[in-house]
Amino acid sequence: MPHIDTDFVRSQFPALARIISGQPVAYLDGPGGTQVPQRVLDAMRDYLVTSNSNIHGFFATTEETDAMIAGARETLGDFFGCGPDEVAFGANMTTLNFLLAQAIGRDLQPGDEILITEIDHEANRGPWLHLAERGVLVREVPVHTSTCTLDWDAFETMVKPGRTKVIALNYASNAVGTVSDVARAAARAREVGALSVVDAVHYALHGPIDVKAIGCDFLLCSAYKFFGPHIGVAYARRPVLDALRTLTLSTQEPEPPFKLETGTLNHEGIAGAAAAIEFIADFGRRNEDLVADELPDGLQGRRRAIVAGMLASEWHERPIARRLIEELSAIDGVTVYGPPAGHPRTSTVSFTIDGIEAADVCRTLGERGLFLWDGHFYAFKLVERLGLMDRGGLVRAGLAPYNTMDEAERLIAAVAELATSARGGRT
Ligand SMILES: Cc1ncc(COP(=O)(O)O)c(C=O)c1O
């Protein structure tokens, strides 16, 4: 059976050497932030040691900084499938989205409508809900709680030609892994003259992004969710970005893509984000034969390698996620939440155990070196709709290419044990 070289992948991540209770730590907390390969650490350190400077000056380190940032825009452009002048950096996704919402909001009138969804993280709800202050109507596309998928029939009735000005939704749910049809939403937005804003923070670790194929106007993500440091990155489509009335200071370059950026950027973070993409590209080059059939025609160079890397990650994680879903669902007292079999999803598997709060589950698992997040993960609305808010929310296992089937088996065994003891020892 062909497989990715897991030993090689794991050797890239120094954090994986950590031992707890005699066992290597299983980092199943990726949706909250992945571990970081050595080359990302090296890129950040090297930048600070050799080229640390502010921008646009006339000496070696400032020129190197300008070149590094320009190069990183090219690299992230290859990640999104866009040009470097459509890539902006920021503090994190939330901050970038706030700037975007405030800019778009300047041109909205009372009575205009914005569509957000119940499945989204607050970072793609709150910035739009704030615009209600201006008389804008913010409407929420409901989620089907039985399938953790968006209600697309409701979506269709809620999109109003001439009234809907923004459609904001996530590519994938960070709480339950549902992948939503963002291309459909973007197409509908175009039809009615609205802007489309895609939150790809959770999706970005799990599949190739092609902003031109999606047809969205904006797509936002965060490098710390895909092996990088804590910075946000945005795709903003030209010429939409040209027309956007961002709130700029006189200190700021008013041109795209800089007009979405504020103050001094996180230079070492940008160096690290670019190195994270180079890691994905190398992973893709090493594993291209595994995904050759799935690679779209016509891709060249680094973009091809990145797409291959993302497909190879999915290829590796899919059977592990399937095993987790099947085995956890079969445990008495365990409920797995997420889209039905066959629906597009990421390898993020969330569940509850009857009689034990998610935080207590994660505390016990953590003592055994199984690191998982608990709660609502700021997907407040979804977790509330699932009726889990006052039960401590969900336990979430997220996979990355460095996770293994053995780690999944460790988790399944530990959950089975916890579920049995919650039933009072009855097997
Ligand atoms: C789906 C999703 N959107 C947005 C965010 C917020 O991203 P940031 O922390 O970069 O602001 C997160 C963070 O967990 C997320 O998972």
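1. Pro257 is placed in the loop between α9 and α10; helices (H or I, at least four residues) and strands (E, at least two) are DSSP runs, numbered from the N terminus. The bond that joins Pro256 and Pro257 is a cis peptide bond, with omega about -5°.

2. This is a predicted model, in which local features need pLDDT of at least 70 and side-chain atom pairs count only at pLDDT 80 or more, while totals for chains, interfaces and linings use all residues. Residues are numbered from 1 along each chain as its sequence is written.

3. A cis peptide bond also runs from Arg238 to Pro239, with omega near 5°. Pro239 belongs to the loop between β12 (232-236) and α9 (240-243). A further backbone feature concerns His56, a residue other than glycine whose phi is positive, near 65°. His56 sits in the loop between α2 and α3 (60-80).

4. In secondary structure, the protein comes to 14 helices and 17 strands. Its radius of gyration (taken over C-alpha atoms) is 22 Å, close to the 22 Å that the globule rule (2.2 Å times the number of residues to the power 0.38) gives for 427 residues, so the protein is as compact as a globular protein of that length. The C-alpha trace spans about 70 × 55 × 40 Å along its principal axes.

5. The domain assignment, with bounds from an automatic or database source, gives domain 1 as 6-37 + 302-420 and domain 2 as 41-277. The centres of the two domains, taken over C-alpha atoms, are separated by 26 Å.

6. Between the domains, 37 residues of domain 1 are in contact with 34 residues of domain 2; contact requires that the C-beta atoms of two residues, placed from the backbone, lie within 7 Å. On the domain 1 side, two or more residues each come from α11 (301-329), β14 (348-353) and α13 (380-385). The largest share, eight residues, is given by α11. By class, this side of domain 1 has 21 nonpolar, ten polar and six charged residues; Ala, Val, Leu, Ile, Met, Phe, Trp, Tyr, Cys and Pro count as nonpolar, Asp, Glu, Lys and Arg as charged, and the others, Gly among them, as polar.

7. Helix α2 (residues 38-51) and helix α10 (residues 267-287) have axes that come within 8 Å and cross at roughly 145°. These axes are lines fitted to C-alpha atoms over the stretch in contact, and angles run from 0 to 180 degrees between N-to-C directions. Residues of α2 in this contact include Arg39, Met44 and Tyr47, and those of α10 include His267, Glu268 and Phe279. By class, the contact has ten nonpolar, two polar and three charged residues.

8. Around the ligand there are 13 residues, of which Asn92, Thr94, Asn174, Val201 and Ser222 come nearest; a residue is near if its C-beta atom, placed from the backbone, lies within 6 Å. The shell has three nonpolar, nine polar and one charged residues.
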